[in-house]
Amino acid sequence: MAKENHSSTTEFILIGFTDHPVLKNLLFLVFFAIYLITMMGNLGLVALIFTHCRLYTPMYIFLGNLALMDSCCSCAITPKMLENFFSEDRKISFNECMVQLYFLCLAETADCFLLAAMAYDRYVAICSPLQYHTMMSKKLCIQMTIGTFIASNLHSMIQAGLLLRLTFCRSNKIDHFFCDILPLYRLSCTDPYINELMIYIFSMPIQIFTVATVLISYICILFTVFKMNSKEGRGKAFSTCASHFLSVSIFYICLLMYIRPPEEGEKDIPVAIFYTIVIPLLNPFIYSLRNKEVKNAEKNYEESLSLMNFILNGKHFNLLIWLHR
């Protein structure tokens with residue numbers, strides 16, 4: 001009988017926003033708008049980098065992959081959340097849960113590595129500008145990108161795969177708006193000690209390595225900047241790092257708040273919203289608004305579209321004249 005009970009739960013109910021039924025229409029519109037802007041912003045940035053040869057540099061290759069992972073994170077979480085605003089049962093199957101968790105873990109792990117790679121790129125650009133093309137060659141950039149996706153995939157597969165050893169015979173209600181790993185552990189009848197141990201064994205080294213890379217890179221950058229004599233040089237160096245520093249600060253502050261041991265389940269939700277939904281929304285704007293190269297690429301793209309429209313309209317006009325003849 002115990003075995004039957006342990007294997008009975010094959011689907012879960014996401015109850016993250018059930019405390020606010022009056023606000024469900026407003027919340028749906030807000031999150032739907034955020035989702036559209038996030039996808040347009042991130043995929044637009046990817047397309048911009050892909051179509052402009054000037055942006056084929058390590059910094060923009062990493063940025064393009066970061067935007068792609070932010071899109072992946074948004075796609076993993078938001079559509080199901082939007083569906084659940086008007087769903088009567090709010091159910092999600094165990095397999096859907098695994099897929100959601102896998103892609104979220106993939107996106108967030110890749111973000112950690114990509115932000116660290118971008119910090120190293122800024123360090124080389126400011127501290128060793130004459131050796132930049134040697135130290136940050138295209139070959140190294142591609143190797144770092146491939147390494148990021150291999151490590152992120154392995155980490156995601158391990159964390160998602162370890163869920164298969166758990167059985168769920170308690171309540172099937174997850175007090176969250178997506179299948180997060182810690183709420184699932186709370187519902188498990190199997191002792192999740194091994195799963196939690198694997199989080200420390202695999203996740204902690206990733207966090208330590210990436211945070212250390214970012215901190216060491218920025219400490220070296222600060223020392224180099226303060227040694228500069230000209231105010232112009234300092235201003236240029238700070239503007240080079242400003243977007244990345246803001247993005248990485250927001251990311252790691254939210255990450256540290258998110259992975260802390262929570263006192264109550266509901267306290268996870270506001271931080272999770274910021275971590276999984278708001279950050280992917282902000283990143284394209286953070287990197288685009290203060291970035292001259294991205295702005296120039298956007299202007300060139302708009303000019304080429306205007307020229308294409310002008311040519312097409314001209315052809316259309318000539319065709320009408322020919323038909324009238």
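The legends below accompany several close-up views of a predicted model of a protein chain.

View 1. The protein chain has 325 residues, of which 44% are buried, and its secondary structure comes to 11 helices and 3 strands. When contacts between residues at least 6 apart in sequence are considered, 78% of them join residues at least 24 apart. The accessible surface of the chain amounts to about 18100 Å², and 68% of that surface belongs to carbon and sulfur atoms.

**View 2. Helix α6 and what covers its buried residues.** Helix α6 runs over residues 138-161, and because 24 residues at 1.5 Å a residue should span 34 Å, the 34 Å separation of its end C-alpha atoms agrees with that expectation. The buried residues in α6 are Cys141, Thr145, Thr148, Phe149, Ser152, His155, Ser156, Gln159 and Ala160. Among the elements that cover these buried residues are α3 (58-84), α4 (94-127), α7 (181-187) and α8 (193-227).

**View 3. Phenylalanine 149, a buried residue of α6.** Phenylalanine 149 is placed in helix α6, where it is listed with the buried residues. Once its neighbours within four places in sequence are left aside, phenylalanine 149 is in contact with Asn65 and Met69. Alanine 107 stands 42 residues away from phenylalanine 149 along the chain, and the C-alpha atoms of these two residues are separated by 9.3 Å.

**View 4. Leucine 154, a partly exposed residue of α6.** Leucine 154 also lies in helix α6, and its relative accessibility is 46%, so leucine 154 counts as partly exposed, a class that lies between buried, under 20%, and exposed, over 50%.

View 5. Rolling a probe the size of a water molecule over the atoms shows where empty space is left. In this structure there is 1 cavity of 30 Å³ or more, and the largest cavity holds about 50 Å³ of space. The residues that line the largest cavity are Leu14, Gly16, Phe17, Met81, Asn84, Phe85, Arg90, His176 and Phe177. Sorted by kind, this lining consists of 5 nonpolar, 3 polar and 1 charged residues.

Key
Residues numbered from 1 in each chain as written. Predicted model: local features only at pLDDT ≥ 70, side-chain atom pairs only at ≥ 80, totals over all residues. Heavy atoms only, no water. 1 Å grid on protein atoms, 1.4 Å probe; cavity = no way out; pocket = protein on both sides within 12 Å on 5 of 7 lines; lining within 4 Å. Points joined across faces, edges and corners; volume = space filled by probe spheres on them. Nonpolar A, V, L, I, M, F, W, Y, C, P; charged D, E, K, R; others polar. Helix = DSSP H or I, 4+ residues; strand = E, 2+ residues; numbered from the N terminus. Buried < 20%, exposed > 50% of the residue type's maximum accessible area, 1.4 Å probe, protein only. Contact = heavy atoms within 4.5 Å. Areas by Shrake-Rupley, 256 points an atom, 1.4 Å probe, with all protein chains shown as cover. Expected span 1.5 Å × (residues − 1).
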